[in-house]
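Hello,

Here is the structure I promised to pass on. Please have a look, then read my notes below.

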Amino acid sequence: MTTGDAGFTILCEVEPATRPDLSRVRRQVVAFEGVTSSFLIPDNHLGRATVSSIAVAHEVALLGGRAVACVNSRDRNLLGFRRDLLTACAYGVSDFLFVRGDDPASGAARSGDLTVRRMIDETREFEGMQCRIGATVRAGQPIPEWKKSADFLLVQASFDVARLLAWRESVDYDGDLLAGVLVLASRKMANRLVETVTDIELPTELVDHLDDDPDAGVDFAVDMVRGLQNEITSGFAGAHLVPVGRYRQVADRLRA
């Protein structure tokens with residue numbers, strides 16, 4: 001991953017391609033020119049089939065960016081994962097985020113024999129693989145010992161810089177920690193987050209403001225990124241920014 005001002009990384013999550021067309025991904029990468037060149041590529045996001053994160057990461061590299069390919073354990077068995085590692089080697093993709101993945105739709109089953117921990121171990125032992133490996137953690141909770149072997153950790157999105165800084169001081173981790181910053185696009189989105197994400201707290205004032213100002217979530221997220229950037233000595237190496245469909249507005253404000 002590359003860094004921005006004063007060594008602060010902005011890892012921007014792109015909206016995944018759910019059709020065999022990468023033009024929207026390309027537009028997102030171009031929109032963030034001058035803001036960041038690091039992008040996180042989701043993998044079957046929210047249980048929807050998407051173009052392979054490894055293939056999209058390769059496309060981002062052709063555009064001059066640095067991509068982190070997300071790989072979830074939900075949709076793979078061990079053989080399928082080893083296939084993905086071979087593909088990554090062939091494409092020159094070397095940065096990965098390993099996640100469990102959302103639970104599948106009702107009635108569907110997980111693959112069953114693959115976990116994030118197993119993926120980390122397999123990648124470390126994979127012949128010819130030189131890479132950076134990341135995983136996810138929750139703010140406010142201890143970091144599991146086995147996750148501390150990861151090169152970087154993405155912290156679940158939250159909305160309180162002071163709480164994030166206090167939690168960072170309480171945990172021992174030598175790698176790069178990136179705080180999750182999510183753009184709230186609407187009250188509907190906010191309500192859905194509360195229903196589906198455990199232990200997430202949204203500022204009531206921000207949610208109410210979304211009814212009158214659709215850019216309120218953009219402004220809040222940009223202010224949060226800047227707040228974290230100003231606290232670079234606190235131990236956060238950067239922000240994992242999720243602009244959802246508001247990527248142009250977010251990029252313009254960060255550039256300004």
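Which residues of H3 are buried? They are Leu-78, Gly-80, Phe-81, Asp-84, Leu-85 and Ala-88. They cover an arc of only 160° around the axis, which puts them on the same side of H3. The arc is that of the directions from the helix axis to the C-beta atoms. Buried means under 20% relative accessible area, exposed over 50%, and partly exposed in between (1.4 Å probe, protein chains only).

Two notes on the source. This is a predicted model, where local features need pLDDT of at least 70, side-chain atom pairs count only at pLDDT 80 or more, and totals for chains, interfaces and linings use all residues. Residues are numbered from 1 along each chain as its sequence is written, and side-chain values use heavy atoms, with hydrogens and water left out.

Back to H3. Its buried residues pack against helix H2 (53–62), strand E3 (66–72), strand E4 (95–99) and helix H4 (116–125); contact means heavy atoms within 4.5 Å. The face turned away from the buried side carries the exposed residues Leu-79, Arg-83, Leu-86 and Ala-90.

Now the ends. Asn-77 caps the N-terminal end of H3, with a side-chain oxygen 3.3 Å from the backbone nitrogen of Leu-79. Gly-92 follows H3 and has a positive phi, near 75°.

Last, the whole chain. The protein chain has nine helices and eight strands. These are DSSP runs (helices H or I, at least four residues; strands E, at least two), numbered from the N terminus. Of its 256 residues, 48% count as buried.

Best wishes

Notes:
Polar contact = N/O pair within 3.5 Å; in protein donor to acceptor, adjacent residues only side chain to side chain.
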